[in-house]
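Work through the exercises below with the coordinates open. Each task is followed by a stepwise solution.

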Amino acid sequence: MRNPLPPVPGKLLELEVSDDLRRGTPLATLIAAPSEEDGDAGLAEIGGVRPTGKAGDVQTVPTGGVRWLAGVGDGEPRQYRKAGAALVRAVTSALEDDVKAGQKAFRAFAVELPEDAGAEHIEELAFGLLLGGYRFTVTADEPKPSLRTVRLITHHTDALERVRELAAAAAFARDLANTPSNIKTPAWLADTAARVSGGIPNLTVTARDEKWLAEQGFGGVLAVGGGRAGPPRLIELEYRPRGATTHLLLVGKGITFDTGGLSIKPADGMHLMRTDMAGGAAIIAAVRAIAALRLPVKVTGLVPAAENHVSGSSYRPGDIVRHYGGKTTEVGNTDAEGRMVLADALVYGIKKHKPDAVIDAATLTGAMKVSLGVRTGGVFATDDALAERVTKAGERVGEAWWRMPLLEDLAESVQGSLGDVRQAPGGPGGIVAALFLREFVGDVPWAHLDIAGPARADKTYADVVPGATGFAARTLVELVASYA
Ligand code: BES
Ligand code: ZN
Ligand code: ZN
């Protein structure tokens, strides 16, 4: 039997830059929408096809040198991302059709860029090309023929290494989150993080097991992982470039499956909870990329990984759990498990590493999907400058963030009566979850990224395809780069 799973990380398309076209390679060209000078007739025909120039439109030319026309609309950089993604999808399906028709499959294609396309346009186009054709399938079929190389015909050659690493981080985070939970136990996640980080200078990965967690008093992780089949882990990634002074701590929710526990979720959407470690995936992928890019910033990534399952050993509503460091939480709902594992990891990471700032990423609350929809992440922060840095970093890599308030009038609701803090007090879900976490961070500047909405997509848009999106990985790399 063939390996039932695709390799993680999967292979990314090779990106080459060249200023001449090799013969025999199918060619695509980018075309802006008609302007007023073009008049009513619009753009001139190419090979008998009149281009629309609309961003996201890809037209096939039956004859002649150019095979595809991809619109870039008004020519703004973000339209290039859309064009790149639409183009790579069209080219892939043409390749599959060629193979079905018994023709020799081409494995490379070239894209001719307009003269006025600058570095920013090229970066956006590269994101679209590298990620737009992403897919993750587990099948007994022979692997489909796939593209290997895309060649950009342009004079700009700089900045591509950064884009390549950013795109690889997003794709890797997608792979991790898409991997089904019958494979993806906490131990699998830890092993995979260690495996992909091997050989990268100054990066080490340590996985702690349930015995160590018990000795150290990680009560939140152990409570959530208590009903499990696969025991919990704490994954610690340490990137220590020589000479760096700033130290950032990144913490990611690593729930490899969220049934809700005894406060069980309805059957309808439960299968989607295999991506409930998307925050942890973003952090594993980001730290790997930060190290691969050799950014001069110390970074520690922490991923508390556990399965939230139903069994006789599950934690219960009404339990009081003692976290790492001693603080206790009154459990109200076992489905609010993300904050339980993050609380331990935040206290541990801050105490051990004394970071200059802490950022956590988590698919924490369904409420965030109601607040911001599924294409924007929520940023809660105790520090205005840090919140601004996250939002700006996201803008530079095409991920949208919106600042959310840590409302003081709700702070009281997370105070406990039997224990120190109350886990699930009701009220606006995203905000009270953030206020709960704030109880565990002390004075260090902290930002909490709730990505429950954008971590998954059920539609194709820009460089996103249905399934895990890898959201936050690129923002985190770019955020760390802003400290370099
Ligand atoms: N993993 C969920 C949040 C979630 C929901 C992520 C939908 C992605 C899509 C989280 O663990 C959860 O269940 N949160 C509860 C908290 C509540 C019980 C206080 C929620 O949001 O309903
Ligand atoms: Zn969850
Ligand atoms: Zn939950």
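This is a predicted model: local features need pLDDT of at least 70, side-chain atom pairs count only at pLDDT 80 or more; totals for chains, interfaces and linings use all residues.

Residues are numbered from 1 along each chain as its sequence is written, chains are lettered from A and ligands numbered from 1 in the order in which they are written, and side-chain values use heavy atoms, with hydrogens and water left out.

**Exercise 1.** Find the protein donors of the zinc ion (ligand 2) and assign the geometry of its site.

Step 1. Donors are N, O and S atoms within 2.8 Å of the metal (3.2 Å for Na, K and Ca); water is not among the atoms, so sites may look incomplete.
Step 2. The 6 donor atoms of the zinc ion (ligand 2) give angles of 77 to 172 degrees, and the site is octahedral.

**Exercise 2.** Assign the arrangement around the zinc ion (ligand 3), and state which residue bridges it to the zinc ion (ligand 2).

Step 1. Its coordinating atoms come from Asp 258 (OD), Asp 335 (O and OD) and Glu 337 (OE), at 2.0 to 2.2 Å.
Step 2. The arrangement is irregular because the 6 donor atoms subtend angles of 71 to 167 degrees.
Step 3. Asp 258 is the bridge, and the two zinc ions lie 3.2 Å apart.
Step 4. Asp 258 is in strand β10 and Glu 337 in helix α8, so this pair ties together parts 79 residues apart in sequence. Helices (H or I, at least four residues) and strands (E, at least two) are DSSP runs, numbered from the N terminus.
Step 5. Asp 258 is buried, with a relative accessible area of 2%, and Glu 337 is buried at 0%. Buried means under 20%, exposed over 50%, partly exposed in between (1.4 Å probe, protein chains only).

**Exercise 3.** Describe the surroundings of ligand 1.

Step 1. The shell has 15 residues, with a heavy atom within 4 Å as the criterion.
Step 2. By class, 3 are nonpolar, 4 polar and 8 charged.
Step 3. For polar contacts (N or O pairs within 3.5 Å), an oxygen atom of ligand 1 is 2.8 Å from a side-chain N or O atom of Lys 265. A nitrogen atom of ligand 1 lies 2.9 Å from a polar side-chain atom of Asp 276.
Step 4. Ligand 1 taken alone exposes 510 Å², of which the protein buries 76%.

Note on methods
Four donors count as tetrahedral if all angles lie between 85 and 135 degrees; four count as square planar and six as octahedral if opposite donors are over 155 degrees apart and all others between 65 and 115; anything else is irregular. A polar contact is a pair of N or O atoms within 3.5 Å; within protein, one must be able to donate a hydrogen and the other to accept it, and residues adjacent in sequence count only if both atoms are side-chain atoms. Accessible areas come from the Shrake-Rupley method with a 1.4 Å probe; for residues, only the protein chains shown count as cover. Ala, Val, Leu, Ile, Met, Phe, Trp, Tyr, Cys and Pro count as nonpolar, Asp, Glu, Lys and Arg as charged, and the others, Gly among them, as polar.
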